[in-house]
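Hello,

Here is the structure I promised to pass on to you. Please have a look at it first, and then read my notes below.

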Amino acid sequence: MGIAVRNLRLKFPEAQARLFTDLDLKIEDEEKVLIVGPSGSGKSTLLNVLGGLIPNVINVPMKADQLALPDSAAYVFQDPDAQFTMPTVAEELAFVMENRQVRAEDMDQQLKEALGTVGLDVDPITAIQTLSGGMKQKLAIASALLQQADTLFLDEPTSMLDDGSASHLWETIQQMWKGRTVVIIEHRVEDIWDKVDRVILMDDAGRIDRMACPDEMLKNHRDALDAFGVWHPESWCNAPEFSEIEAQPDVLLEARHLMVNRGSRQLLTIDALDIRKGEWITLEGDNGTGKTSLLLALMRLIPSKGDVLFKNRKVRKPKHYGGALYPVFQNPELQFITNTVFDEVFINLELHFDKGEAERRAGALLDRLGLGKVGHLHPLEISTGQKRRLSVATAAGGIPEIIILDEPTFGLDQRHAFRLLEMLHDMVKSGTTIIMITHDEEIKVRYPSRRLRIEEGKLVEEAGFDA
Amino acid sequence: MLEAIRHYSTPADQVNPLTKILIAVGLFLTVIFIHDPNHLFHLSILMLILLALLSGVKIRYLALFTVTILFFGMISSLYMIFYGEGTTTLLRFGIVHITEESAVRGLHIMMRGVVLSFFGALIVFTTRLTDVFYSMMQQGRLKPKFAYAFMAAIRMVPIIAGEYMTLRRARKVRRPLIHRKYISGYKGFSTTIITLLSQSIRRAYRLGIAMESKGFDDGARTYYHRTSFSVLDIIFIIVIILTVISASELGQWYSPFPTRDAR
């Protein structure tokens, strides 16, 4: 039976124009479909219509001449923290079964089977809060299994995972998708592109621009994908290439005998680390090895033993840097402090330039990152990708000498990711030092002047990168 | 709930959470009407023994907890002890005037608090939070939508705490770069609250959608944890009543306080 939608019209009450006008879509039974498109193209909304969440749960006015939807659908959403109700793994899975009125005696058996199928090897009484992002998403899939849904809707399930966990999650999904219809929205497509039957490209006005099988899409429609800034397996062929930049001899930041702990456990020790002006450093390592903790320790935001020196002066508190070292955290929402996007960048500059110059620079930065049009909005109002770009924009502007970035390209589309890399390159060229955590293999091999890796509690230099 | 600091489970775990809460209410009313400090003295000791036996909490955590409760109890009674009225002066030092009556009254109030804290701790140590809501749905006819909303909300608390930490870190680092008016005083406070609220509201909205997408409604459902009343509930009630009565008897037999009425 599959899914069929004909002449779908939908308009958000507060929006100026309709999101969908006469949209047609047919998805065959057991077909695996990947929907890609720029942000704001209505992918998630379409998914919510296909699964019946709109208008049953989310009240949005819509109309369609034909609407054949699956009998039972299950969703996996992007934010692991916003899809679980209960404190423990067992109780969360039981929640789904309670809804279906499964007998209590059968629940333990069924939830063990589901955990086995998705390969989540934890004690059912484990608190969900202690699971990693990848494990949480597996739990979400286990709960979808227990809903006995014949159709799965995956709304960017890997957007908050690192590369390793993401490919692992896709393997898990492929193992259980036989016999089911699966509709996927995803930005990071390298693991899933050639596994689906069809790729649908949406444009930025809520229309289906084109659809084709993955091979054909890549062969004949690459230009269209690139034009909409959508990631595809060959995206990196368009990546910007930069001339190598020589780091300058002056050492900016030094760490001596630094010991970083998490709770009572020792995470890592660093005997000596020198960071020079104009270096572009990537910090790598598996999840949980303490990359973020190391950066926090260098910033003196968490307690650690040993010395950190900035320009030969000891740093004991964040304020000793005097703003010369600036972090961009993973969660952009949590570092905004003003009421407009423009002010967010402007206040960093206003103490260093006269008002006119500060305004000019702030405006130029925002334009460069494609944020010029949203300058008047509240920073929490803009889209996730825009928030991430804004958080990077606050770091730029020529004042900080070292910028620390935690996964800056996460969740950005191709176009904006490349533009961001260009901007980072320009900053390095003008003498700024960049230290960034990244899981992206392509970035690691292309851009940094030096690669650091955390291995077994030690910091090692990646071979061939002794710049 | 606090499995990490317990080293064995006890029959008190099996007692229905509703029973425990009702006993707590009953105990509160009883303690308020006990005016004999000797009675309360023995009741506090017996409650401590009950807590030690029935909570299953590791001894060092128990000791730490007891000391903390006694310490705070002491502090809260000081006001009464130092400035209360009375005729038999024990000590006078400036405006501090300790009389025998005020000392007894202060200690009496402290013991009331201690008894209730010990029993409260016993409930907290032996009850899983989810069981409270499961029990309220099954025995208390609470609508599932409220129960699950509460459970989901509790899950949010550590997430919000984590966000607050990150928010503070970001401010610490940005502080040297920007004018202090943006992060101090009312403005700093309001942007913090707005950020935390907007994050939480957004998450709650998404979670609500996720819950409904998992087939949750307010209708009939089965329950993973089945809670019911059992003979253990009756035994538990009897044990508490016996404790109160024997404390009163012990108070007749051994009276550390010279008076039978602290008022």
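Helix 3 of chain A passes helix 5 of chain A in a right-handed crossing; a crossing counts as right-handed if the near helix is turned clockwise from the far one by less than a right angle, and as left-handed if anticlockwise. The contact of these two helices of chain A divides into 7 nonpolar residues, 1 polar and 1 charged (Ala, Val, Leu, Ile, Met, Phe, Trp, Tyr, Cys and Pro count as nonpolar, Asp, Glu, Lys and Arg as charged, the others, Gly among them, as polar). On the helix 3 side of chain A they are A:Val89, A:Glu92, A:Leu93, A:Val96 and A:Met97, and these meet A:Leu139, A:Ala142, A:Ser143 and A:Leu146 of helix 5. Contact here means C-beta atoms, placed from the backbone, within 7 Å. Helices (H or I, at least four residues) and strands (E, at least two) are DSSP runs numbered from the N terminus.

Before going further: this is a predicted model, in which local features need pLDDT of at least 70 and side-chain atom pairs count only at pLDDT 80 or more, while totals for chains, interfaces and linings use all residues. Residues are numbered from 1 along each chain as its sequence is written, with chains lettered from A and ligands numbered from 1 in the order in which they are written.

The axes of helix 3 and helix 5 of chain A lie 9 Å apart, at an angle of about 30° (axes are lines fitted to C-alpha atoms, for helices over the stretch in contact, and angles run from 0 to 180 degrees between N-to-C directions).

Helix 5 (residues 133-146) of chain A also packs on a sheet, where it touches strand 6 and strand 7 (151-155) of chain A. That sheet of chain A is open, with 6 strands in the order 6-7-8-3-9-10 and mixed pairing; strands pair if DSSP finds at least two bridges between them. Strand 6 (73-76) and strand 10 (208-212) of chain A each have a single partner strand, so one side of each lacks a neighbour in the sheet. Further in, strand 3 (residues 32-36) and strand 9 (residues 198-202) of chain A pair in the parallel sense over 4 bridges, and A:Ile35 has A:Ile200 as its bridge partner.

Now for the interface: 51 residues of chain A are in contact with 44 residues of chain B. Helix 3 of chain A gives the most to the chain A side, with 6 residues.

Best wishes

Note on methods:
Contact = placed C-beta atoms within 7 Å.
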